[in-house]
Every structure is written in structure tokens, then in C-alpha cells.
Amino acid sequence: MRKAIIILLSLFLSAIIIVTFLVQSAPLPNKVRNGFDRTILPASFLTPLGNMPTGDSIQLVSGATPTQIFLSTTDPTLILSTDYHFKQSKRIKLALSKGLIDSLQRYFFTIIDSPFVHIYAYNLPAIITLPLSGGPAQVFRLPPGGYSKAYAIAPDQFILRKLDRKISDQQFLKVNTSTSEITVEKNLSTLHQDGGMSTDGSLTYDTTGKKLVYTYFYLNQYFSFDTSLQKLQEGHTIDTSTHSRFQLAEATARNENVLTRQGPDQLVNNTSFVYNGKLFIHSLLKGDHEPGGKFSSNSAIDKYDLHTNQYQGSFYLPVRAEKVRHIYIFNDKMVIEGRDYIYSYAINTRDSVLN
């Protein structure tokens, strides 16, 4: 018995040593040359306004007005409203039935597009819309298959990136909840039959050009399309990450396809936002001649012109990259949604870095 225990401990320690060696010897993306450089511009357009901890209940920054920020919570009936200095806050209660609350659980995200609230119940799947000022909820049920992205282009019209079980992948849809019309894209998305994981990304809207922009997480690519789901342009980020590491393998035990990976998941791009016809992408890769300390203690934001798709320089935000979840510009304010804190800044909208 003692001998068996010693053998098991030896095998366990050996496994730890091997894993440690593999981790330490692996070519980490920001420990080696990534094949590009960035031009750093001064971020003098930012003036800090305030910050607040997210705690366990804050879900995400869900919208804003010129004077207020709306924060959704893990409770689908509760919205928090605060000013940009995070000094004055109030609670907004939404009227949802108990059955709907039980169905949502935590599989939802909430966006406030004042005067409406949209609750995206991606597991049902459904879109729930109700007035922010109070009133009954309207529930629009979608065909089977969850969705991962959603953007309201009108109070009753939405662009979704939704799973189609027949092709085992996600495609963009346009949904009209008033007419029940659902339009499916044609040749807009690249399909790998992996549930849309390898082509996951961030979806944002260009109010200047009236178009949506989709930026890949794992590839150095983005593309824009209009509200009729027609592709407009394609662009590339300055790094050299031309393919992701996802692949399908056969799970013989259950005789079905499951996801495996060729290597560790390497996020290339994090969140993105559009301002005045320019695309800003939070890059997670260090330039070859970029100071390591500067890169690791800030978030590098790369700027692209959506008309020419040309790179136009970069700037640093004073928040560590691993802490950032989303970045927004509301009117003349920037809000950074972090994992632990939310930060707000006043911005000089005339600054050339933004324009």
C-alpha cells in the first residue's frame, strides 16, 4: 500500500514538473516578437472623472445619457443609475413576471437604449423589451439556438449573431419584433461548424457611417456591414495573427463533434468601439519595439480609419489590459468597464487622436 502511494505521488510530481516546464518554455505571445510595431500617440484628451468598484452584482455598463450611466446587475429586474463621478446613484426596478425571471436565471445581458430597456435572453432564446420608466414587458421568442451578440438599430429591430443548429455555426440575423420578420445573412460570416467559437468577436456600431463593425477576437481581421446584412468592407489589424487555433475532433465515446484546440486560446483583440468614423481596438499583443513595462501596465488602443481601413496610430489607456472588459464613448465621456472597477473620463472631442 505504501509503495503504491509513493508511486502515485511520484507520478503526480512528475506531471507537475512536466506541465511547469511546458508553460515556462512555451513561446508566449508577448515574450517573443509579434511581427509588428505601433506608433504611440499622446492620450492628452482624457481627464479622469471618477471610478467605482463593480462588486459581485454589477453585470455590465448597459447604456448612458449625457448625465447618467446605467449599470445592469445579475438581477434582471434591477438597474443602477449613477452620474459620471459615481457620486449619486439610484435603483430602477423593472416589472418582470416571476416565470420570466426564473427562465432568465443569469443567462442574459441588458442594454438600455433610453427610453427602452432590451434584455437579451440568449438561452431562451428571446428578446425582452420594456420602457425604462416602467410598463409591461414584450417578449419576442426566437427560433431554437442561442445567440452571442445583439445590437438594437431601432426599438423593434435588432441585429443578432445567432447559432443555427443545422450548420453548427453562428450567423447574423436581422429581427423585426413588430412584424416577426427574421432575415438571415447570405455569405457574410465565415463558417467553420464550430459553434462560432473560432470567429467570436466584438460587435459595435458606427453612427457616422450607419454601419455595424465586427472585430474578431482571435484573428487580425474586422469587417463592416450595413443594416440589411450586406458586407461593405474588410480590414486587418496591424499584427500578424492570420488564423485561430480551434479545430474539430471526433469524440468517439459519444460519436459527435466536440471542440479541441491546437494550442492555448490566444486573444489578439479584446473589445472595440467606434467614434467619428474611426475604429478603436484594444489590442492584446505587444509591438516588437514597444517597452514591455509600458505595455503591461496600460491598455494599447489601435486606431483605424473605417473609410480607408488604414492604421492611424495608437494610444495607451491607464488601465492594465487584463482588467479591461469593455470601452465605451458616450457623448463627450469615455467609460472603461473593468473586471474590478468602472472608470469614467471626460474627453476632448476635438483632439486629433480621436478624429
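Colleague: Where does Asn-309 lie?
Modeller: Asn-309 sits in the loop between strand 22 and strand 23 (311–317). Strands here are DSSP runs of E with at least two residues, helices are runs of H or I with at least four, and both are numbered from the N terminus. Before we go on, this is a predicted model with residues numbered from 1 along each chain as its sequence is written, and local features need pLDDT of at least 70, side-chain atom pairs count only at pLDDT 80 or more, while totals for chains, interfaces and linings use all residues. Side-chain values use heavy atoms, with hydrogens and water left out.

Colleague: Okay. Is Asn-309 buried or exposed?
Modeller: Asn-309 counts as buried because its relative accessibility is 16%, and buried means under 20% relative accessible area, exposed over 50%, partly exposed in between (1.4 Å probe, protein chains only).

Colleague: What about Lys-210, what's its phi?
Modeller: Lys-210 has a positive phi too, about 55°, although it isn't a glycine. You'll find Lys-210 in the loop between strand 14 and strand 15, and it is exposed because its relative accessible area is 53%.

Colleague: Let's switch to peptide bonds. Which residue is joined to Pro-115 by a cis bond?
Modeller: That's Ser-114, and omega there is about 20°. Pro-115 is in the loop between strand 6 (109–113) and strand 7 (116–121). A cis peptide bond also joins Leu-124 and Pro-125, with omega about -15°. Pro-125 is in the loop between strand 7 and strand 8 (126–131). Most peptide bonds are trans.

Colleague: Zooming out, how many helices and strands does the chain have?
Modeller: The chain has 3 helices and 26 strands. Of its 355 residues, 47% count as buried.

Colleague: Now aromatics. How many aromatic pairs are there?
Modeller: There are 20. Rings of Phe, Tyr and Trp (its six-membered ring) pair if their centres lie within 6.5 Å; planes under 30 degrees apart count as stacked, over 60 as edge-to-face and the rest as tilted. Take Phe-172 and Tyr-214: their ring centres are 5.3 Å apart and the planes are at 80°, so the pair is edge-to-face. That pair links distant parts of the chain, with Phe-172 in strand 12 (residues 169–176) and Tyr-214 in strand 15 (residues 211–216), 42 residues apart.

Colleague: Are those two buried or exposed?
Modeller: Phe-172 is buried at 1% relative accessibility, and Tyr-214 is buried at 1% as well. Next, the rings of Tyr-222 and Tyr-304 have centres 5.8 Å apart and planes at 50°, so this pair is tilted. Tyr-222 is in strand 16 (residues 221–225) and Tyr-304 in strand 22 (residues 299–305), 82 residues apart. Tyr-222 and Tyr-304 are buried.

Colleague: What lines the largest cavity?
Modeller: Phe-172 and Tyr-214 turn up again, along with Arg-161, Ser-189, Thr-190, Thr-199, Tyr-216 and Phe-223. A cavity is a set of points on a 1 Å grid over the protein atoms alone where a 1.4 Å probe fits but cannot get out, and lining residues have an atom within 4 Å of a point.

Colleague: And what's the volume of the largest cavity?
Modeller: About 40 Å³, where a volume is the space filled by probe spheres set on the points, and grid points are joined across faces, edges and corners.

Colleague: Last one: where is Lys-333, and what does its side chain touch?
Modeller: Lys-333 is in strand 25 (residues 333–338), and it is buried, with a relative accessible area of 14%. Its side chain makes a polar contact with the side chain of Asp-332 at 2.9 Å. A polar contact is a pair of N or O atoms within 3.5 Å; within protein, one must be able to donate a hydrogen and the other to accept it, and residues adjacent in sequence count only if both atoms are side-chain atoms.

Technical notes: 1 Å grid on protein atoms, 1.4 Å probe; cavity = no way out; pocket = protein on both sides within 12 Å on 5 of 7 lines; lining within 4 Å.
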